[in-house]
Amino acid sequence: MAVSQTRNLGLPLINLLRLKGVPILQQLHLEERLLRTSSDNWCIINDGTIDPTIVMGVSGKPQELLEIESILRDDIPVIRRFTGGGTVIVDQGTIFVTFICNKDTVPGLQSYPQPIMSWSSLLYKKVFQGIGDFRLRENDYVLGDRKFGGNAQSITKNRWVHHTSFLWDYEISNMGYLKLPKRAPEYRQARDHLEFICRMKDYISRSSFIDSTIEAVGSEFLLRSAELEDAHCTLGSKFEPSSRLLRKQELGEAIFKSLTASQS
Amino acid sequence: MSSKLWAARAASYLKISFQYRGFATVIKDLKYADSHEWVKVEGNSATVGITDHAQDHLGDVVYVELPDEGAEVKQGASFGAVESVKATSDINSPISGKVVEVNTKLSDSPGLVNASPYESGWIIKVEINDADEVKSLMDSDQYSKFCEEEDAKH
């Protein structure tokens, strides 16, 4: 009912939630709750997360994707998130932007992976106009042929989430925790991490990126500023998010699996 | 590979132009939900999967999240998910009942959902509670029309 009334103003309403330094697990739980129990549209921007954390997609296998011994040695948390896609290591240099929408919110958009991905790239194209050679390459945001934004989605019957982790900056040493993934886009051409990714800070300031993103969102939606308390108020208390921290025991078992796999 | 891709390649090889009109396969005796799952009811037993239209739009399936045997499913509610590209997409049950079997082949071969969505890509078998629930689903002609209308709107 509320959505159709606001569309009479021409643009669909979206709640804009600006966060800073929120732990990534907390952000993922919030997103999953809003996807499953809210009927509003949301744009969440989390400017950096506090501790370096590895985040795998829903079906990620630690033994294939991670240098587990280093991770256990250095006590790096590993999370399995509710969306699909690959593995990232996030920290204070990562900027997260998330869209959570009802399936009929964007006129003419089918809620399937590729259309949502294309729609998002058109939005970010506005952000990078005149700044760099931005495009969507397979399912990544690239400047030239280097990835700076990784995407993932979750699609339910009536809503979808599209979230992006942007590499505004990164620590070279952190990339050492990630193996070269088996499933990689063709354009990667077996490049290792440091040859494949780039830093957004070489193109745009942190505040300019966030301000331009908000402006781009404002060109397609009617923005309504929200606070974290607003988001928590709308949430159903029974829902249990599925994104979780992997236990050290699980990571240890994964090492065992990789050893037995290599011996067979 | 999807029928759309084959049609495009054939047209290119034969140097003819064609307009893709969304000829996803629809099987006559199945029933269909508007969230693009199919169900085959045989007595009080039902088999459930996702349609050719769904697998074509989702892309290559790399993982299927299956429910446990014995789990209850409810008509219209999600019971599992498929992962394709970078997305997890809910699979919603067209029928209520108890899961009696899951297609364990999908663990090693999730691509069966793309290659054979109505046969070897089946997802769960259900002991159904109420056969009358099927009446609220679409038949093959209604579902074909539904898919055409949905694709035309976007």
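A:Ile24 lies in helix α2 of chain A, which covers residues 24-37; helices (H or I, at least four residues) and strands (E, at least two) are DSSP runs, numbered from the N terminus. This is a predicted model, in which local features need pLDDT of at least 70 and side-chain atom pairs count only at pLDDT 80 or more, while totals for chains, interfaces and linings use all residues. Residues are numbered from 1 along each chain as its sequence is written, chains are lettered from A and ligands numbered from 1 in the order in which they are written, and side-chain values use heavy atoms, with hydrogens and water left out.

A:Ile24 counts as buried because its relative accessible area is 5%, where buried means under 20%, exposed over 50%, and partly exposed in between (1.4 Å probe, protein chains only). Beyond its neighbours within four places in sequence, A:Ile24 is in contact (heavy atoms within 4.5 Å) with A:Thr49, A:Thr53, A:Val55, A:Ile79, A:Val90 and A:Phe96. From A:Ile24 to A:Val106 the separation is 82 residues in sequence and 27 Å in space, C-alpha to C-alpha.

Chain B contains an open sheet of six strands in the order β1-β2-β3-β9-β8-β5, with antiparallel pairing; two strands pair if DSSP finds at least two bridges between them. At the edges are β1 (31-32) and β5 (72-73) of chain B, each pairing on one side only. Within the sheet, β3 (residues 45-50) and β9 (residues 124-128) of chain B are joined in the antiparallel sense over four bridges. B:Thr47 has B:Lys125 of β9(B) as its bridge partner.

The two chains also meet. The contact takes 24 residues from chain B and 25 residues from chain A. B:Lys86, B:Thr88 and B:His154 supply 36% of the area that chain B buries against chain A, more than any other three residues; buried area is the accessible area (1.4 Å probe) that two parts lose on being put together, summed over both. Between chain B and chain A there are three salt bridges, each a side-chain nitrogen of Lys or Arg within 4 Å of a carboxyl oxygen of Asp or Glu. B:Asp90 and A:Arg36 form a salt bridge through their side chains (2.7 Å, N to O). On the side of chain B that touches chain A, β7(B) gives the most, with five residues.

Confidence comes last. The predictor gives the complex an ipTM of 0.90 and a pTM of 0.90. Over residues 11-21 of chain B, pLDDT stays under 50. Where pLDDT is low, the predicted coordinates should not be read in detail.

Methods:
pLDDT = per-residue confidence, 0-100.
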